[in-house]
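This note collects points on one protein model for a reader new to structural work. Please read each point with the structure in view.

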Amino acid sequence: MRTATYFFIFLNLSLALFEEPAVYPLPFLATSVLEVLCLLVFLGRLTHFAKVTLHNVFWKDTKNICIMVAILLSLTDLGIYGVLRLYDVRSIRWSRIVRPIFLINFAESRQIRRAFRSIRNTLPEITYVFLLFMFSLLMFSLMALKLFGERNLQTAEGLPYFRNYLEIVFDLYVLVTTANSPDVMMPAFDFSSWYALFFIAFVIVNTYIFMSLFLAVVYNNYKKHLKVMPGGACG
């Protein structure tokens, strides 16, 4: 039962690869049949669980309620999407976002739920570090706007360089990952090599200090919540 449940959960999640818009598109009828099959298996598993569980215990378990709601939402969305296709009306499958609910809420997914609860409990405690990081990013973006915004610099593609505040925020956010390094700093460096100091300071503060601090806070809090949970273990 556990292997079958995991197989159909994986199949249900993988349907996103084959539904429009898809990486490997399949006919709507094929994906619909597979999804209905998965939902029937989930409903059968839930029915079996209800048969071997006390009635009041089953209905008080929020996991079971979440699964039933997810099944109803998926079937409703599938029906609406199918009817709209008959009338050539374009729409999207919004119920895709509820599919991970099956992975988390079945009884066989105890370890996944434990990890999910640890992540959920960790989020409030890392919010402060994240807010500090965002404040630093916004301040550096403001400085970049004042430094480069009035110098009429252009990128290699001939586009305005660091003249729009929101675009600066996004470019510097990407720079934290060093994905656009050194391209993002070359127009300023070509204008004056001294401007490299700005980007060096930005990378030191945000990439090396804040990202390391962020990782440490996430790891320590996740480990702490995993330890205090019932049956939790840390290795």
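1. Lys63 is partly exposed, because its relative accessible area is 21%, where buried means under 20%, exposed over 50% and partly exposed in between (1.4 Å probe, protein chains only). The partner of Lys63 in a salt bridge is Asp61, with N and O 3.0 Å apart; a salt bridge is a side-chain nitrogen of Lys or Arg within 4 Å of a carboxyl oxygen of Asp or Glu. Asp61 counts as buried because its relative accessibility is 18%.

2. The model is predicted: local features need pLDDT of at least 70, side-chain atom pairs count only at pLDDT 80 or more, and totals for chains, interfaces and linings use all residues. Residues are numbered from 1 along each chain as its sequence is written, and side-chain values use heavy atoms, with hydrogens and water left out.

3. Asp61 and Lys63 also belong to the lining of the largest cavity, together with Arg45, Leu46, Phe49, Asn64, Ile67, Asn105, Phe106, Ala107 and Glu108. Helices α2 and α4 are the elements that give two or more residues to this lining; helices (H or I, at least four residues) and strands (E, at least two) are DSSP runs, numbered from the N terminus. The volume of the largest cavity is about 70 Å³, and a search of the whole structure finds one cavity of 30 Å³ or more. On a 1 Å grid over the protein atoms alone, a cavity is a set of points where a 1.4 Å probe fits but cannot get out, and a pocket is an open set with protein on both sides within 12 Å along at least five of seven lines; lining residues have an atom within 4 Å of a point. Grid points are joined across faces, edges and corners, and a volume is the space filled by probe spheres set on the points.

4. How many salt bridges does a search of the whole structure find? The search finds eight. Arg99 pairs with Glu19, their closest N and O atoms being 3.0 Å apart. This pair links distant parts of the chain, 80 residues apart: Arg99 is in the loop between α4 and α5 (100-105), and Glu19 is in the loop between α1 (2-14) and α2 (28-51). Arg99 counts as buried because its relative accessibility is 3%, and Glu19 is buried with a relative accessible area of 4%.

5. Arg99 forms a salt bridge with Glu35 as well, at 3.4 Å between the closest N and O atoms. Glu35 lies in helix α2 and Arg99 in the loop between α4 and α5, so this pair ties together parts that are 64 residues apart in sequence. Both Glu35 and Arg99 are buried. A network of salt bridges links Glu19, Glu35, Asp77, Arg93, Arg96 and Arg99.

6. On the surface, Trp59, Ile65, Val69, Leu73, Ile92 and Trp94 form a nonpolar patch with about 560 Å² of accessible area together. Patches are made of residues with over 30% relative accessible area and no salt bridge: like charges are joined within 9 Å, nonpolar side chains (Val, Leu, Ile, Met, Phe, Trp, Tyr) within 5 Å. Accessible areas come from the Shrake-Rupley method with a 1.4 Å probe; for residues, only the protein chains shown count as cover. Helix α4 (residues 62-86) gives the most to the patch, with three residues.

7. The largest pocket has a volume of about 330 Å³.
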